[in-house]
Amino acid sequence: MDASRDAATDVADVLIIGAGASGAAVAWRLGSKGFRVVCLEQGGWIPPQSYPISQPDWELHRYTDFHPDPNLRGLPEDYPVENSESCFAPLMFNAVGGSTIHWSAHFPRFHPSDFRVRSLDGVADDWPLTYEELEPFYDLNDRQIGVAGLVGDPAYPPKAARQTPPLAIGSFGATLARGFDRLGWHWWVSDSAVISAPYGENRQPCNYCGPCDIGCTRAARSSADVTYWPRAIKDGVTLVTRARVREISVDNEGLATGAIYYDAAGRLHQQRARVVVVAANGIGTPRLLLNSRSRHFPDGLANRGGLVGKNLMYHPFAGVGGVFPEQLDSTRGPIGSSLFSHEFYETDESRGYVRGFMLQAVRQSGPVHTALGGLVGQAVPWGPDHHRVFAERSSHMAYFGVMCEDLPDERNEVVLDPNLVDGDGIPAPRVRYRLDANSERMLDAGIARAREALDAAGATEVLVNRIVRPAGWHLLGTARMGDDPNRSVVDRWGCAHDVRNLFIVDGSVFVTSAAVNPTTTIQALALRTADYIDANRRNIV
Amino acid sequence: MPGESVFTPSQRVLLQAVLNRIIPAEGKLPGAGTVGVDETIEGAALASTLLRRTLLDGLAAIEATAWRTGGNDFVALPAAIQDETLRQVEQARPSFFSQLVVLTYRGYYLQPRIVQLVGMETRPPQPDGFTLPTFDVHLLDKVKARGPIYRPTEGP
């Protein structure tokens, strides 16, 4: 180990593992409260100016170094994920900012009912907190990062004003909205983690360039690297990049003492800390815990209950695309954040399934994306019809992502692969996931409703991808939260039942998935956990 | 390395002919085999020995199928028979064929001249972006009129 960095006095108050959405929020909050915080991140910084969206070959990067699938991106900071037993491919980005680097920034909150699934619908479990308890942290997070949107959405309780006005939806959005209105269905302009007007420092408002998934050179998108991290570092937080954690260390009493990690040259280091906060996403976190074995935790850290890695949830996701006779401005504006419908969000058992889904409008992108089929993945046919079909689809399409609630199932899990390792020899994860009957019925219903909405909007042809394999953006449930140590890994504050100075703050802690993108809820929970650590620092730190 | 190549001259001619059927010439739009897409595919094959093998095996399969289907080299067959040949290979070797189509589309549609000919924006998205009209909040009047639709809970 590098002794110069491992001096006995180099003990942080709090060590955070992972500099993504949740790690960044905790770093800022605890840094601002005077804690000595160190964060270890296996990736590096991506300066906003370096994103490829200002380069002539910008589209190619979506399929190479900015591919959302780490197995296909294969950068040095990526680790392999064995996913042949999963119908969805897990997606993530390893950098300062984590998966907010390739984020489309659609930012809806949970509904109040999402915290009461067991009580209301007799399936899954209730969360150990309510929407009302989390609301102040939703608001705090929104103020810190900047959200564009519009209050008054009848699908939600009243909310605090958004920081900037709603993003424009163009003819793309107006066309879809007309379809919803003809059907009498709910729709609303999205809450987007994107600023539409000046907000914050060193950021410019969105200029509707389109491919948020390949980065934002204007820092308009409220990714964690341009929102929380500059302030956290200003408040004295130490962020160590290219630091890949191998395991969390424990002492003779089974308390966390810090982390062992490799630097970019493969040298081993130790960072000691009084409290460890894990923020490595719903696959990275269980992987790390399972890799952190000791005599106190032979089956992995905080895993006495056997639930670390279990209950993996994504959001079962279908893509449905409408081809329109008129040209739309469908390549202009944030690709994944414009408008949505929660008409079928809340449970109605007459539909034949429980829980519900969201229809999220998704835009088109450049010519390569169009040719390869966009969200529905149905490439323009090769051969004599190619040019005709390309012309019919190019800037003439609008997609819906059908995002279904995923119910927890212990058979869906993250385990350590017996053979696969990353570049430092650390055992890699394997994911096992299959859809259950409720999800299958819900997907079919969602596709039918999306088709109906596109027909009502004037689509002349509808294309469907029933299971979008590269849709594992949301990695949830694998270190779930609960009051009962026999049925959860962490308590209602994110503290591991087995290790009183170990906290988890990423999507792993989710009890249920809801049917919305999780980042705002992840960050709100992270801030709530940070405030708990602060309020109880005498006992914990 | 400069000067490295994957395809022999006859393989390149075959590949170009195949590309011209995957994206044929039509009007002002050139076929994919005439605008250097073979070179971008070769670049990808130089970077991946697995892809290299896949493509070379695939080209050999196309030629074998051409002889079985049309009794001649692929490049000598009429367009309709060439298309039938490729459909057969697509069925028999779906992984190879889909990779070839993806590489063809990428190589073709990354060319600014092609992007201009298909009427799409040739400049990258930044720094200029685009302008969209401000969102009209009155579009939501009908939705607002319904009132709350979220499911009530008991609260904390």
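Why does A:P205 count as buried? The reason is that A:P205 has 20 C-beta neighbours inside 10 Å, where buried means 20 or more other C-beta atoms within 10 Å, exposed 12 or fewer, and partly exposed in between, with C-beta atoms placed from the backbone.

This is a predicted model, in which local features need pLDDT of at least 70, side-chain atom pairs count only at pLDDT 80 or more, and totals for chains, interfaces and linings use all residues. Residues are numbered from 1 along each chain as its sequence is written, while chains are lettered from A and ligands numbered from 1 in the order in which they are written.

**View 1. The loop around A:P205.** A:P205 lies in the loop between β4 and α6 (228-234) of chain A; helices (H or I, at least four residues) and strands (E, at least two) are DSSP runs numbered from the N terminus. Beyond its neighbours within four places in sequence, A:P205 is in contact (C-beta atoms, placed from the backbone, within 7 Å) with A:I195, A:S196, A:A197, A:P198 and A:A220. A:R218 is 13 residues from A:P205 along the chain, and their C-alpha atoms are separated by 7.1 Å.

**View 2. Helix α1 of chain A.** Helix α1(A) (residues 21-32) has 12 residues and reaches 17 Å from its first C-alpha to its last, close to the expected 16 Å; the expected span is 1.5 Å times one less than the number of residues. Of the 12 residues in α1(A), 11 are buried, among them A:W28 and A:R29. The buried residues pack against β1 (11-17), β2 (37-40), α4, α6, β8 (268-278) and α11 (519-535) of chain A. Just after the helix, A:G34 takes a positive phi of about 90°.

**View 3. A:A27 and the nonpolar cores.** A nonpolar core is a set of buried Ala, Val, Leu, Ile, Met, Phe, Trp, Tyr and Cys residues joined through C-beta atoms within 7 Å. The largest one has 173 residues, and A:L15, A:I17, A:A27, A:V276, A:V277 and A:V402 have the most contacts inside it. Leaving aside neighbours within four places in sequence, A:A27 is in contact with A:I16, A:V37, A:C39, A:Y228, A:A232 and A:V237. A second, separate core of 37 residues includes A:F390, B:I41, B:L59 and B:A66.

**View 4. The side of chain A that touches chain B.** Contacts join 58 residues of chain A to 43 residues of chain B. On the chain A side, the elements giving two or more residues are α4 (131-145), α5 (170-183), β4 (188-189), α8 (367-371) and α9 (386-393). Helix α5(A) gives the most, with four residues. This side of chain A divides into 32 nonpolar, 17 polar and nine charged residues, with Ala, Val, Leu, Ile, Met, Phe, Trp, Tyr, Cys and Pro counted as nonpolar, Asp, Glu, Lys and Arg as charged, and the others, Gly among them, as polar. The model scores ipTM 0.96 and pTM 0.97.

**View 5. Helix α10 of chain A.** The 21 residues of α10(A) (residues 437-457) should span 30 Å at 1.5 Å a residue, and the end C-alpha atoms are 30 Å apart, which agrees. Buried residues of α10(A) include A:M442, A:R449 and A:L454. The buried residues of α10(A) pack against α5, β9 (317-323), β11 (357-362), β12 (397-404) and β15 (461-465) of chain A. A:G458 follows the helix, with a positive phi near 110°.

Note on methods: Two residues are in contact if their C-beta atoms, placed from the backbone, lie within 7 Å.
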